[in-house]
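Please open the structure in a viewer and keep the selection tool at hand.

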Amino acid sequence: MEAAARRRQHPGAAGGPGTQPGASSLQARHGSVKADEAARTAPFHLDLWFYFTLQNWVLDFGRPIAMLVFPLEWFPLNKPSVGDYFHMAYNIITPFLLLKLIERSPRTLPRSMIYISIITFIMGASIHLVGDSVNHRLLFSGYQHHLSVRENPIIKNLKPETLIDSFELLYYYDEYLGHSMWYVPFFLILFMYFSGCFTPTKAESSVPGTALLLVVPSGLYYWYLVTEGQIFILFIFTFFAMLALVLHRKRKRLFLDSNGLFLFYSFALTLLLVALWVAWLWNDPVLRKKYPGVIYVPEPWAFYTLHVSSQH
């Protein structure tokens with residue numbers, strides 16, 4: 001009787017001083033989940049990375065090319081071009097693939113941050129859709145991408161001059177606001193996914209042959225994204241953050257899995273291609289005038305209008 005009374009007065013006595021059985025079991029489950037996440041390694045997502053690379057090349061890189069190839073009679077200048085429909089498809093498919101990629105991450109990622117990033121990505125890409133549509137349609141009127149808005153022959157003589165301000169606003173939405181709201185969350189999502197691509201088993205830190213085949217088209221596309229999007233600072237910051245994370249995790253005996261290696265190798269190839277691109281056009285006087293800043297990374301479309309289309 002006395003022992004039972006003591007147990008009623010001190011419920012934690014049976015499990016040790018100050019111990020709550022419910023809390024201890026919850027902590028144990030939480031710890032087991034963390035340990036399970038650390039030990040779990042995802043296989044290489046060949047299907048997602050293939051679809052991701054394919055739609056990037058077709059819907060993003062191929063967008064302005066399709067606009068120039070298809071006859072103008074099919075898509076009048078006062079209607080959306082075929083490239084605009086490509087962009088609409090990109091704005092739907094890319095967020096879907098990013099969400100599927102996050103679902104397959106072996107590590108639980110912050111859902112709220114993922115959702116906010118996806119929403120911002122869609123909004124930025126949609127802003128860019130409108131601005132880029134008008135800017136590319138101006139090519140048929142003689143607009144030259146290697147010149148600034150005010151220096152373009154078809155723009156500088158507009159009356160009233162406030163119309164020039166409107167075109168500069170359009171350019172701002174296209175090249176600055178749209179790109180920022182599009183690419184910042186895009187690289188943030190890739191980095192968050194990358195942070196979960198580590199394994200404690202060194203034997204699993206290898207790239208399958210199928211992944212190596214995708215590294216070149218993937219890295220080449222990111223070169224186009226970085227140069228045409230003028231986001232070298234964002235890209236180099238993301239790449240060095242990935243490198244710092246790899247070195248930090250290596251101290252804890254954690255190694256990149258096949259998906260992390262694929263992404264890291266793609267970005268490393270991109271950095272090499274950007275360096276070669278800049279070195280090739282380093283002494284171009286016209287492009288130097290358009291990109292006068294410390295960081296000189298010419299856009300491929302500016303190079304096209306200056307050195308390719310002007311020759312025809």
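The stops that follow cover a pair of helices, the nonpolar cores and one further helix. Please bear in mind that this is a predicted model.

**First stop: H3 and H4.** Select residues 46-69, which form helix H3, together with residues 82-103, which form helix H4. Their axes come within 9 Å and cross at roughly 160°. Angles over 145 degrees count as roughly antiparallel, and H3 and H4 are therefore roughly antiparallel to each other. The crossing of H3 past H4 is left-handed. Where the two helices are in contact, the residues comprise 16 nonpolar, 6 polar and 3 charged.

**Second stop: the largest nonpolar core.** Next, select Trp 49, Phe 186, Phe 194, Tyr 222 and Phe 267. Within this core of 60 residues, these five touch the most other members. At least two core residues come from each of H3, H4, H5, H7 (162-194), H8, H9 (232-251), H10 and H12.

Which residues is Phe 194 in contact with, leaving aside its neighbours within four places in sequence? They are Met 242, Leu 245, Val 246, Leu 256, Gly 260, Leu 263 and Phe 264.

**Last stop: H12.** Finally, select residues 300-308, helix H12. Its buried residues are Pro 300, Trp 301, Ala 302, Phe 303, Thr 305 and Leu 306. To see what these buried residues pack against, display H3, H5 (111-137), H8 (209-229), H10 (258-280) and H11 (285-290).

Terms used. Residues numbered from 1 in each chain as written. Predicted model: local features only at pLDDT ≥ 70, side-chain atom pairs only at ≥ 80, totals over all residues. Heavy atoms only, no water. Axes fitted to C-alpha atoms, helices over the stretch in contact; angles between N-to-C directions. Helix = DSSP H or I, 4+ residues; strand = E, 2+ residues; numbered from the N terminus. Parallel < 35°, antiparallel > 145°, perpendicular 65-115°, else oblique. Left-handed = near helix turned anticlockwise from the far one by under 90°. Nonpolar A, V, L, I, M, F, W, Y, C, P; charged D, E, K, R; others polar. Buried < 20%, exposed > 50% of the residue type's maximum accessible area, 1.4 Å probe, protein only. Contact = heavy atoms within 4.5 Å. Core = buried A, V, L, I, M, F, W, Y, C linked by side-chain atoms within 4.5 Å.
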